[in-house]
Amino acid sequence: MRKFIAVCASASVLLAAVYAVAQTKTPHPPLGKRATDEQIRFWDIDVRPDGQGLPEGQGSVAEGEVIYEQQCAVCHGTFGDSEEYVQLAGGIGTLASSAPIRTVGSKLDTPTTLYDYINRAMPFPNAKSLTPSEVYALSAYILNLNDILPADAVLDKDSLPKVQMPNRDGYTTDHGFMRIDGKPDVNNTACMKNCEKSVEITSQLPAGFTEQFYGDISDNFRDYRPERVAARMVAHAATSQSVQWDGAKAIETHLCTVCHASDQKVIGPSYKDVAKRYSADPERVAKLRNSIKNGASGTWGIIPMPAQTNLADDEIERLVTWILEQK
Ligand code: HEC
Ligand code: HEC
C-alpha cells in the first residue's frame, strides 16, 4: 500500500512538472481563447427581476401597437387573443380555476420576464431582430392589451420593473418540482384496472423537421484540436468560394423549410403549387416579393405566414425567381 501511494505521488509530481512546462509555453493550452468584452456584451442579454440588465431606450403603448400589428399579430392575434400559436392577453384571475388560461398577463410574476422573452426569442423566426426601444414598446402594448398598463404608458429601464403583475404573489416553491416531499403538480390517480394497453402515435412532425431546424447537430460540438480546426477552416474556405447561390440551400438557411417544401404542403403551400398558381399572373414577382417581405394570409388556408423581416431585398428577389421556377 505504502509503495502504491509513493508511486502515485511521484506520478503526480511528474504530471505537475509536465503541466508547468506546458503552461510556461502557452498560458492556456489549445483550449479556446479569452472572450473579448464585446463578445461577452453580445451574449449577456439577460434581464433580472429587479431590472438589472435592462438597456437604455424607451417605448410607448402606441408605438408598440404599430410594431405588433406588423410583426406579431399574424401569430398571436390582433388583440393577443389568438390561441393558434400562443395567447398573449387575457386569463387574469383564471389560474386557480378548473380552466386556467395561461398568458404572459395572467401568469408572469415580473414584467422583466416579458421583456427578456421578447428580446431573446421573438418575433419567431427572426429572434433578436428588435431594438431595445421596440422591445419596450411591445412590452408596453402587450401589458396594455392585458389591462395592466393604461394606453398612454411609456416603458424604460426604470419604469418597466415597477409594473405590478397580477400574479406577482402567485409563485410558490411549495410543490414536488422543488422539494422531494412537496405536493405534486398533478392530481391524477394511477390507473389500476382496464387501463390503456398500448399507446398509439397518431401524428408526427414532417420527415426531416429536426434536421432542417437545427442543421447538422455535430456542428454544435466544438472541436478544439488545432489541426482539426485548421483543416475545417480550409475546407470551409474552399466550399464558400466555389458555392453558387442555390435556391434549395437558401430556403434551408432562411428556415423557410420549417414551413415549406418544394413539392409538398407542409405548414405553407409547396413551392410547386405557388409557381403553378401564379404562372399566368403578370404581377407574380411583385406579389410574391410582397408576401415574403410583409407576410401573407388568406390565400392558402387559415395559417398566416409571418413577414420574413431579416432578408435583404436582392435575396428576396432571388428566392422569388427560384420559387417561380419550381415545376
Ligand atoms: C411565426 C409565429 C410568431 C410570430 C410572428 C411571433 N410569435 Fe411570439 N410566439 C410564437 C410561438 C410559437 C411561441 C411559443 C414558443 C414556445 O413556447 O417555445 C411564442 C411565444 C411568445 C411569448 C411568450 C408567451 C408565453 O406565454 O410565455 C411572447 C411574449 C411572444 N411570443 C411575443 C411576441 C412578439 C412581441 C412578437 C412580435 C415582435 C411575436 N411574439 C411574434 C410564435 C410567434
Ligand atoms: C412559420 C411558417 C412559415 C415560414 C417560416 C415561411 N412561410 Fe411562406 N408561407 C407560410 C404560410 C402558412 C403560407 C400561406 C399564406 C396564405 O395563405 O396566404 C405561406 C405562403 C408563402 C408564399 C406564397 C405567398 C402568396 O402570396 O401566395 C411564398 C412565396 C412563401 N410563403 C415563401 C416563403 C419563403 C421564401 C420563406 C423563407 C424566407 C417562407 N415562406 C417562410 C408559412 C411560412
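The following legends describe close-up views of a predicted model of one protein chain with its ligands.

**Figure 1. Overview of the predicted protein chain.** The secondary structure of the chain comprises 13 helices and 2 strands. Of its 327 residues, 20% count as buried. Among contacts between residues at least 6 apart in sequence, 59% link residues at least 24 apart. The average pLDDT of the chain is 83, and 81% of the residues score at least 70. Over residues 1–23 the pLDDT falls below 50, and this stretch has 1 contact in the model beyond near neighbours in sequence.

**Figure 2. The largest nonpolar core.** This core contains 29 residues, and those with the most contacts inside it are Tyr115, Leu138, Ala140, Tyr141 and Ile142. Helices α3 (61–71), α6 (111–121) and α7 (132–145) each contribute at least two residues to the core. The largest share, 9 residues, is supplied by α7. In soluble globular proteins, nonpolar side chains tend to be buried together. A second, separate core of 7 residues includes Tyr271, Val274, Ile292 and Ile323.

**Figure 3. Helix α7 and its surroundings.** Helix α7 has 14 residues and reaches 20 Å from its first C-alpha to its last, close to the 20 Å expected at 1.5 Å a residue. Because 12 of these 14 residues are buried, α7 is largely enclosed by the rest of the structure. The buried residues of α7 include Glu134, Ser139 and Asn144, as well as Val135, Leu143 and Leu145. Packed against the buried residues of this helix are β1 (58–60), α3, α5 (104–107), α6 and β2 (154–156). Aspartate 147 follows α7 and has a positive phi, near 60°.

**Figure 4. Alanine 140 and its contacts.** Alanine 140 is one of the buried residues of α7, and it is among the residues with the most contacts inside the largest nonpolar core. When residues up to four places away in sequence are not counted, alanine 140 touches Gly59, Ser60, Val61, Gly64, Leu149, Ala153, Val154 and Leu155.

**Figure 5. The shell around ligand 1.** There are 18 residues around ligand 1, of which Cys72, Cys75, Met122, Pro123 and Pro306 come nearest. Helices α4 (73–76) and α6 each provide at least two residues of this shell. By class, the shell around ligand 1 consists of 15 nonpolar and 3 polar residues, with no charged residues.

**Figure 6. The shell around ligand 2.** Of the 30 residues around ligand 2, Cys256, Cys259, Gly268, Trp300 and Met305 come nearest. At least two residues of this shell are supplied by each of the helices α12 (284–294) and α13 (313–324). Helix α12 gives the most, with 4 residues. The shell around ligand 2 divides into 20 nonpolar residues, 9 polar residues and 1 charged residue.

Figure 7. Valine 285 lies in helix α12. Is valine 285 buried, exposed or partly exposed? Valine 285 has 14 other C-beta atoms within 10 Å, so it is partly exposed; a buried residue would have 20 or more, and an exposed one 12 or fewer. The C-alpha atoms of valine 285 and valine 320 are separated by 6.5 Å, although the two residues are 35 residues apart along the chain.

Conventions: Residues numbered from 1 in each chain as written. Chains lettered and ligands numbered in written order. Predicted model: local features only at pLDDT ≥ 70, side-chain atom pairs only at ≥ 80, totals over all residues. Core = buried A, V, L, I, M, F, W, Y, C linked by C-beta atoms within 7 Å. Contact = placed C-beta atoms within 7 Å. Near = placed C-beta within 6 Å. Nonpolar A, V, L, I, M, F, W, Y, C, P; charged D, E, K, R; others polar. Expected span 1.5 Å × (residues − 1). pLDDT = per-residue confidence, 0-100.
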